[in-house]
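This briefing goes through one protein structure by topic. Please keep the sequence and the coordinates to hand while reading.

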There are 2 protein chains.
Amino acid sequence: MRKVYLDNSPRFDALDQWLKACAFSIEKEIINVEDALHRVTSEAVYAHNSNPNFQASAMDGIAVKAYKTYEASETNPVQLEKDQDFTPVDTGDPIPDEFDAVIMIEKVNYTDDGHAIIHHSVGPGQHVRAIGEDIVSKELIITANHQIRPIDQAAMLAAGVLEVSVLKKPKVAIIPTGDEIVKPKKDPARGELIEFNSTIFKGYLTEWGAEVTVFDIVKDELQIIEQALAHAANEHDLVIINAGSSAGTEDYTVHAIKNIGEVILHGIATRPGKPTILGKIADKPVLGLPGYPVSAWLSLDWFAKPMVYHLRKLVPPERPILTGILSKRVNSVFGSEEFVRVKVGYVNSKLIVTPIGSGAGVVMSLVLADGLITIPPELEGYDAGTKIDVELLTSPELIKNTMVGIGSHDLSIDILVDEAKQRYPKTRVSSAHVGSMAGLMAIERGECHFAGVHLLDAETGEYNRSYVDKFVKTTPVKLVHFVYRQQGFIVAKGNPKGIEKIEDLIRDDIVYVNRQKGAGTRMLLDYMLRKHRISASQIAGYTREMFTHSSVAASVAYGAADCAMGIRSAAEAMDCDFIPLYEEQYDFVMTESFLDSEQGQMFMELIKDPTVQKRIESLGGYSCRDTGKLK
Amino acid sequence: MRKVYLDNSPRFDALDQWLKACAFSIEKEIINVEDALHRVTSEAVYAHNSNPNFQASAMDGIAVKAYKTYEASETNPVQLEKDQDFTPVDTGDPIPDEFDAVIMIEKVNYTDDGHAIIHHSVGPGQHVRAIGEDIVSKELIITANHQIRPIDQAAMLAAGVLEVSVLKKPKVAIIPTGDEIVKPKKDPARGELIEFNSTIFKGYLTEWGAEVTVFDIVKDELQIIEQALAHAANEHDLVIINAGSSAGTEDYTVHAIKNIGEVILHGIATRPGKPTILGKIADKPVLGLPGYPVSAWLSLDWFAKPMVYHLRKLVPPERPILTGILSKRVNSVFGSEEFVRVKVGYVNSKLIVTPIGSGAGVVMSLVLADGLITIPPELEGYDAGTKIDVELLTSPELIKNTMVGIGSHDLSIDILVDEAKQRYPKTRVSSAHVGSMAGLMAIERGECHFAGVHLLDAETGEYNRSYVDKFVKTTPVKLVHFVYRQQGFIVAKGNPKGIEKIEDLIRDDIVYVNRQKGAGTRMLLDYMLRKHRISASQIAGYTREMFTHSSVAASVAYGAADCAMGIRSAAEAMDCDFIPLYEEQYDFVMTESFLDSEQGQMFMELIKDPTVQKRIESLGGYSCRDTGKLK
């Protein structure tokens, strides 16, 4: 029952094979230069006219015959007769044929009867804008295979070239397949998955210069898929089909391509992205992309991008690369090239690279990713602290202006992220949710500017201070009060199972959903369990970990679990009931250098802003009565 | 009569003042997410649905109730009853409410009567794609002021968000003014200048995300200009007027803006670009750009670009920067920030930066420029050899693959440039025309891969070899035969002035046009003058220098000169007559390291290609009988 791929090819080899196998060229067309922006010339462009095509004055003054000025000097003024020997000209005026030089207005005196008196000689061509100074007619102005920029359009127009021969835009067909997928809608029924991959493909392909047609969704039937492929290959230069590119029994794509064309490769030695098919139908390249959005996005970039640029006879642009320090270990499988989404930010002038640990089905991981790191197939991962290259997905300008937060998840952080972006569009707040303890460790290691923490000291009943003192020893930090918030049990609307107290969690009919190790909320639960002498193993679902308050609340709301511990705002957002247990203190541990910086001051202004505080309190269960105070 | 500007402001100060003075915001609009690519969110986007919004199987297998599997082990198989205890599921299938975990198909055995036998327990949630694994409903998914990428569109669609509130595109009006300018046409009359600046502006503004309207050309009359400005400011978010931004008597722009709005600044401390006007009309920013295309292009970049990005609440992207070595001194004026167009290429792993010495009216200088260098106002230039930052205008990928030629101009080089681009789209040949001697110096200093030279040894009658031996001492080079070509006098069609021999050049009615010092063609003329004992001062126009064969031929063709020395192909291209004097040898001096490199081999293949040679010979006056031979 294991999936069997034909191949496990390194991706550059695979790309080479595919490019070589699909040997056809895009046709040319002649279009107006005014419409040719970003198109690619199919042949050299030669000037039709010279620019300028007449001798023009480069100064305000008089046009003269140079040889009539040769005798002029400070001691020997020469008198020139109007029309015969000179004529007045302004900058840009054509110079009549009989004249060949210009004397600046400042150097001319006039007699009362209109003669010009000069004390300087000029040579032929002086202060004259020569014919063809810019462009000489018949000269090559643009080569073939050149992507036309605005300045190239201008040069062509200046040279009297109004039409240009360009390569047609590569036509790309996108065929979405699958019985369970539906067009985007507001409220999909249970079992319906929204088809958004084609929107991703269309957007990037358009940026790369293709003309994209998205087909209607095709059912998972071999014959229908074959028909769609044949139709698409007939009218397009590249066909992309998604998905069914895996090697399961219901994955028809590879069979459909084989039946009407040729499968060149099935299976790439990458993770994610392995279930990729490279094929062709009558010389037209066909690309079968994986179903998971992250896999599909990567594979699109590896194969569709170079194919489109190849058809356009252009070099694909490379992403900017920055070198940073990996903040935690990433593992990979030997023999596969591994691609890891990361967040990055500068902390104390070091670029900190933090892996995003999501699966290939999580489209939000790409929304949040600032870059990609690559682990070569011969390695099994990189250790924390490794110096590593990051291919950027976010602009370097924005990365320079990122305030980096690592720590516990709270819905109010989303509000800070949004408000920061609204007030200071050139900066951003980046926040990674890894739990309070991991946040403390990160700030101690110099990997973030601030950490959101809510850690109860079981002995003193105090929040956060003792943990900071114990775990943050080398980095100078301040503890800044952020919010009070209510922690408690999130249960389904109306509390159908009557959950009231901690002891209810061990009931046979109760499935719990937990937060990850190191999360303050989990530590609070563990503290309560110890207090009530309850063993974790007695709770069904204790081992099921989620990373945010929202996720556990969603699990309860949709009936996947009966109870979770979390904050009131998450319960209210998901229309769940809430049984309050504690008022927590959620604070920020901030490095002193951040607090003293311009960005740190922005951040403090932000959290002290009454509008921001009002927006946070309206989430439910929050109090900002001490927000912004140093503890 | 000198031009008087109000100001001479550093450009960043000027920009700040302008941005502060024009305090208005772009309106919002709600559009379909599918149409929102590259638009900017005007507010935060929250998820409407969770994705997935049902528990889905992450494996092919059976959905089970986890607690019914707890007893299962290798030694204690558990039997499950179909429908009641389990149901088969494929990857992506919804899991019925009564089940909470999935067992992989590989770990299930079936009895003959359809019961499932398992030997492993699973916990709740195992192999289950949780509700909200990707996106939890009500969660913030995109902040305000975020430029929407394809992946953001996908996240919104996945979350059931079909419409999004975005900032409207900034509307920009472009008003071309001038009595002498005309819309692009094939054959402008004498005195007509083609208006191509608005095409440059429109192209870049479109790239920056603006919606551009180009007005009809407006005559140079104060009242008409005022009307156009008022109309434009009424309906647009930014008004660009070009030109008349200088301070001469016929430059009305500044007066027109003052009359109906406010001039914030007139005159920027830059060269080129000084004649810029920053103003506003009823809070709408107005930008008066200089007439010369290079000045206008720079000023557009300094002011229109940040204004458009400011209105879009985005950070303007910065150009990539490379550090290189300046190959020759550039001068600048103290007190002005100077911008110099440059060509760049890697030679022996060093990035060589060569200034393009053209005026601000030469649009081709921007077509050919790879980058810009900036000389700060407190300096008067940079010496050759200075380490300098280059803002790139060409893609770094193409710069890496550039074959750098510096030397004498020949029309056949244009053909090589074009043919190289056709055969090897990922590479390019860059060629700077500075004359044979300057080419030799450049190769000796390690600043190019090859130099085109045609230098006659007056003593031996031999071409090139003795010069290479004398001037190239430290760089190992080879001399490669390129073409034989005819040098002679270029005269007007029909030779109306009956020019036959060198002595004719001193006639009173003959105006000559010369090539620049160090050009092989000029050295050939000087050689002939010495031989005939003619003094250069006897020749009208001897001091008038041009840099290419095409330019001098154009001067003759348009009647600006009577005679020039040059190659037959240039005469033929300009439909001039040609009086042959010499068959020259135009050769390439190549560094050995280039000749041994992959690129060098490509280059050699190129010049040996019969198709290329045929194209060269068809220019007229060329012979490729020895092309590609080592001399």
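The points below cover domains, backbone geometry, surface charge and salt bridges.

The model is predicted. Chain A is divided into five stretches of domain assignment, listed below, and two of those domains have their C-alpha centres 71 Å apart. Over all chains, a search of the whole structure finds 76 salt bridges.

- Domain 1 of chain A is made of two segments, 11-25 and 170-311.
- Domain 2 of chain A also has two segments, 28-51 and 134-167.
- Domain 3 (56-129), domain 4 (321-400) and domain 5 (452-623) of chain A are each given as one range.
- Between the C-alpha centres of domain 1 of chain A and domain 3 of chain A there is a distance of 71 Å.
- In chain B, the C-alpha atoms of Gln147(B) and His532(B) are separated by 72 Å, and the two residues are 385 residues apart along the chain.
- Gln147(B) sits in the loop between β11 (140-142) and α2 (150-158) of chain B, and its relative accessible area of 31% makes it partly exposed.

**Backbone geometry**

- Most residues other than glycine have a negative phi, and most peptide bonds are trans.
- Asp83(A) is not a glycine, yet has a positive phi of about 70°.
- This residue, Asp83(A), lies in the loop between β5 and β6 of chain A and counts as exposed because its relative accessibility is 55%.
- Asp83(B) likewise has a positive phi of about 70° without being a glycine.
- Asp83(B) is placed in the loop between β5 (78-80) and β6 (86-89) of chain B, and with a relative accessible area of 56% it is exposed.
- A cis peptide bond leads from Asn51(B) to Pro52(B), with omega near -10°.
- Pro52(B) belongs to the loop between β2 (45-46) and β3 (56-57) of chain B.
- A cis peptide bond also leads from Arg271(B) to Pro272(B), with omega near -10°.
- Pro272(B) belongs to the loop between β19 (270-271) and β20 (277-281) of chain B.

**Surface charge**

- A patch of negative charge on the surface of chain A gathers Glu81(A), Asp83(A), Asp112(A) and Asp113(A).
- Glu81(A), one of the patch residues, is in the loop between β5 (78-80) and β6 (86-89) of chain A.
- Glu81(A) counts as partly exposed because its relative accessibility is 40%.
- Asp83(A), another member of the patch, is the residue with the positive phi noted above.

**Salt bridges**

- Side chains of opposite charge can pair when their charged atoms come close.
- In chain A, the side chains of Arg485(A) and Asp410(A) form a salt bridge with an N to O distance of 2.3 Å.
- That pair links distant parts of the chain, 75 residues apart: Arg485(A) is in strand β32 (residues 477-491), and Asp410(A) is in the loop between β29 (402-407) and α9 (411-423) of chain A.
- Arg485(A) is buried, at a relative accessible area of 0%, and Asp410(A) is buried, also at 0%.
- In chain B, Glu419(B) and Arg615(B) meet through their side chains in a salt bridge of 2.8 Å, N to O.
- Glu419(B) lies in helix α9 (residues 411-423) and Arg615(B) in helix α17 (residues 610-617) of chain B, so this pair ties together parts 196 residues apart in sequence.
- Glu419(B) counts as buried because its relative accessibility is 7%, under the 20% limit, whereas Arg615(B), at 21%, counts as partly exposed.
- Glu583(B) forms a salt bridge with Arg625(B), and their closest N and O atoms are 3.0 Å apart.
- The partners are 42 residues apart and link distant parts of the chain, with Glu583(B) in strand β36 (residues 577-591) and Arg625(B) in the segment after β37 (622-623) of chain B.
- In chain A, one network of salt bridges with shared partners joins Asp418(A), Glu419(A), Arg423(A), Asp609(A) and Arg615(A).

Conventions
Residues numbered from 1 in each chain as written. Chains lettered and ligands numbered in written order. Predicted model: local features only at pLDDT ≥ 70, side-chain atom pairs only at ≥ 80, totals over all residues. Heavy atoms only, no water. Domains from an automatic or database assignment. Patch = residues over 30% accessible without salt bridge, like charges linked within 9 Å, V, L, I, M, F, W, Y side chains within 5 Å. Areas by Shrake-Rupley, 256 points an atom, 1.4 Å probe, with all protein chains shown as cover. Salt bridge = Lys/Arg side-chain N within 4 Å of Asp/Glu carboxyl O. Lys, Arg positive; Asp, Glu negative; His and termini not counted. Charge placed at Lys NZ, Arg CZ, Asp CG, Glu CD. Helix = DSSP H or I, 4+ residues; strand = E, 2+ residues; numbered from the N terminus. Buried < 20%, exposed > 50% of the residue type's maximum accessible area, 1.4 Å probe, protein only.
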